[in-house]
Amino acid sequence: MHRIRPAIFAATAIAALSLGGCATKDFVNQQVSAEDAKTQAAEQATKNQVDQQQAHLSQLDQSTQDALTRATAAGKLAEGKFLYSMVLSDDSVKFPRDSAKLSPEAEQRLQDFADKLKTDNRNVYLEIQGHTDATGPDSLNKRLGEERAEAVRLFMNQHGVPLNRMSTISYGKADPVADNKTRADRAQNRRVVLIVMS
């Protein structure tokens, strides 16, 4: 009986140790799996950040190129002499409030104007000026004036006028042709002016 007890105790100890070893191994595996998941998530987050940064840099490169093109065109404009201008502000082509959308009448006038430029002289430069009425804050009007000028610039480019021969500028509400007191006056101020220079 005295010999059986130590054998039972030894067997129990061995079983406990082997069970403890299995439990420890399972715990370690769980911890390693959790750390692997964290590492993979961190690597994916880093990859996403790198992709976003690369996309942002590409966008900045394009913005820089656009700015350089406009600056070059503006420099040529500054050196040129005034030939004539066209104003999109009569009743059929005025811009609605808070809008840069070209009306069909404005598009027709711009089409005729583009044809005239292509026929008369291909070596001219255009300054396209965007204007607004005095409604709203300065920052909004500055942006809206730029959107109006840019809408005209893109339309002219689609009809054969090279982008490097045009520049845009927004005056916002700073250069009104009427006093903004009446609806008709405000409508006159919502306009785009195309300045043609040689």
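Analyst: The largest nonpolar core has 21 residues, and the ones with the most contacts inside it are Leu110, Leu126, Val152, Met156 and Leu194. At least two core residues come from each of β1 (82-88), α2 (104-120), β2 (125-131), α3 and β4 (192-197). The top contributor is α2, with five residues. As a general point, nonpolar side chains in soluble globular proteins tend to be buried together.

Skipping its neighbours within four places in sequence, Met156 is in contact with Leu110, Phe113, Ala114, Leu117, Leu126, Val161, Met166 and Leu194. Two of those partners, Leu110 and Leu126, are also on the list of residues with the most contacts inside the core.

The chain's mean pLDDT is 78, with 71% of its residues at 70 or more. Among the elements, β3 has the highest mean pLDDT (93), while helix α1 (residues 4-79) has the lowest (67). Where pLDDT is low, the predicted coordinates should not be read in detail.

Now the loops on either side of β3. Asn164 is in the loop between α3 (138-158) and β3 (166-172). This asparagine counts as partly exposed because its relative accessibility is 41%, which falls between the 20% and 50% cut-offs. Asn164 also comes within 8.4 Å of Tyr125, C-alpha to C-alpha, though the two are 39 residues apart in sequence.

In the loop between β3 and α4 (183-189) you'll find Asn180. Its relative accessibility is 15%, so Asn180 counts as buried, the limit being under 20%. The backbone is worth a glance there too: phi of Asn180 is near 70°, a positive value in a residue other than glycine.

The residues lining the largest cavity are Arg97, Asp98, Thr132, Asp133, Thr135, Asn141, Leu144, Arg148 and Arg190. By type, that lining divides into five charged residues, three polar and one nonpolar.

Methods. Residues numbered from 1 in each chain as written. Predicted model: local features only at pLDDT ≥ 70, side-chain atom pairs only at ≥ 80, totals over all residues. Heavy atoms only, no water. Helix = DSSP H or I, 4+ residues; strand = E, 2+ residues; numbered from the N terminus. Buried < 20%, exposed > 50% of the residue type's maximum accessible area, 1.4 Å probe, protein only. Core = buried A, V, L, I, M, F, W, Y, C linked by side-chain atoms within 4.5 Å. Contact = heavy atoms within 4.5 Å. pLDDT = per-residue confidence, 0-100. 1 Å grid on protein atoms, 1.4 Å probe; cavity = no way out; pocket = protein on both sides within 12 Å on 5 of 7 lines; lining within 4 Å. Nonpolar A, V, L, I, M, F, W, Y, C, P; charged D, E, K, R; others polar.
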